[in-house]
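The tour goes from one selection to the next.

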Amino acid sequence: MRWDRLDDRGAVTAEFAIVLPTALLVLGFILGGVLLGAHRVALTSAAADVARLEARGDAALAAERLGQLPGDTQVSRVDQGGLACVTLRAAPGSGPLRALTVAATACAARA
């Protein structure tokens with residue numbers, strides 16, 4: 001009987017050593033996904049604001065709104081018929097997410 005109990009010693013520690021890193025990895029992926037989603041929402045909102053401001057001729061306010069974005073945000077503009085379209089691209093946060101790029105495009109009718 002005593003030998004059976006000794007054979008199981010350390011099993012909980014081994015299981016914990018396997019499960020803990022896996023749980024932390026899954027948690028990291030979930031948090032990364034939430035951060036990417038939040039960054040995408042912020043870029044979409046900013047692109048819509050800038051497109052509307054530029055479409056109605058408020059270049060100064062559009063430049064001010066762009067100044068509120070992080071410094072590495074890339075801006076591209078395209079005129080499509082009577083629409084002013086703005087695309088914003090930026091890498092979210094820092095660390096491993098820095099390798100990804102999130103983009104958002106918005107268009108507004110020119111006044």
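**Start at a buried arginine**

Select Arg 65. Arg 65 is buried, at a relative accessible area of 18%. The model is a predicted one, so every value here is computed from its coordinates.

Asp 49 and Arg 65 form a salt bridge, with 3.0 Å between the closest N and O atoms. Asp 49 sits in helix H2, residues 11-55, and Arg 65 in helix H3, residues 59-67. The pair therefore ties together parts that are 16 residues apart in sequence. How exposed is Asp 49? Asp 49 is partly exposed, with a relative accessible area of 22%. Arg 65 falls under the 20% limit for buried, so the two partners land in separate classes.

**Follow helix H2 to strand S1**

Select Glu 54 and Arg 77. Their side chains meet in a salt bridge, 2.7 Å from N to O. Glu 54 belongs to helix H2, while Arg 77 belongs to strand S1, residues 74-80. This pair ties together parts that are 23 residues apart in sequence. Arg 77 is partly exposed, with a relative accessible area of 47%.

Select Arg 56 and Asp 58. Here too the side chains meet in a salt bridge, at 3.0 Å from N to O. Arg 56 is exposed, with a relative accessible area of 54%. Asp 58 is partly exposed, at 27%.

Across the whole structure, a search finds 6 salt bridges. Side chains of opposite charge can pair when their charged atoms come close.

**The disulfide**

Turn to the cysteines. The structure holds 1 disulfide. Select Cys 85 and Cys 107, which the disulfide joins with an S to S distance of 2.0 Å. Cys 85 lies in strand S2, residues 83-90, and Cys 107 in strand S3, residues 102-109. The link ties together parts that are 22 residues apart in sequence.

Look along the S-S bond. Which hand does the disulfide of Cys 85 and Cys 107 have, left or right? The torsion about the bond is about 110°, so the disulfide is right-handed. Then compare the two ends with a surface shown. Cys 85 counts as buried, at 6% relative accessibility. Cys 107 counts as partly exposed, at 42%.

**The loop between H3 and S1**

Select Thr 73, which is found in the loop between H3 and S1. At 14% relative accessibility, Thr 73 counts as buried. What does Thr 73 contact, leaving aside neighbours within four places in sequence? Show Leu 43, Leu 88, Arg 89 and Ala 90: Thr 73 is in contact with these residues.

A polar atom of the Thr 73 side chain lies 3.0 Å from the backbone oxygen of Pro 70. Pro 70 is partly exposed, with a relative accessible area of 46%, whereas Thr 73 is buried.

Pro 70 and Pro 92 are 9.4 Å apart in space, C-alpha to C-alpha. In sequence, Pro 70 and Pro 92 are 22 residues apart.

Notes
Residues numbered from 1 in each chain as written. Predicted model: local features only at pLDDT ≥ 70, side-chain atom pairs only at ≥ 80, totals over all residues. Heavy atoms only, no water. Salt bridge = Lys/Arg side-chain N within 4 Å of Asp/Glu carboxyl O. Helix = DSSP H or I, 4+ residues; strand = E, 2+ residues; numbered from the N terminus. Buried < 20%, exposed > 50% of the residue type's maximum accessible area, 1.4 Å probe, protein only. Disulfide = S-S within 2.5 Å. Polar contact = N/O pair within 3.5 Å; in protein donor to acceptor, adjacent residues only side chain to side chain. Contact = heavy atoms within 4.5 Å.
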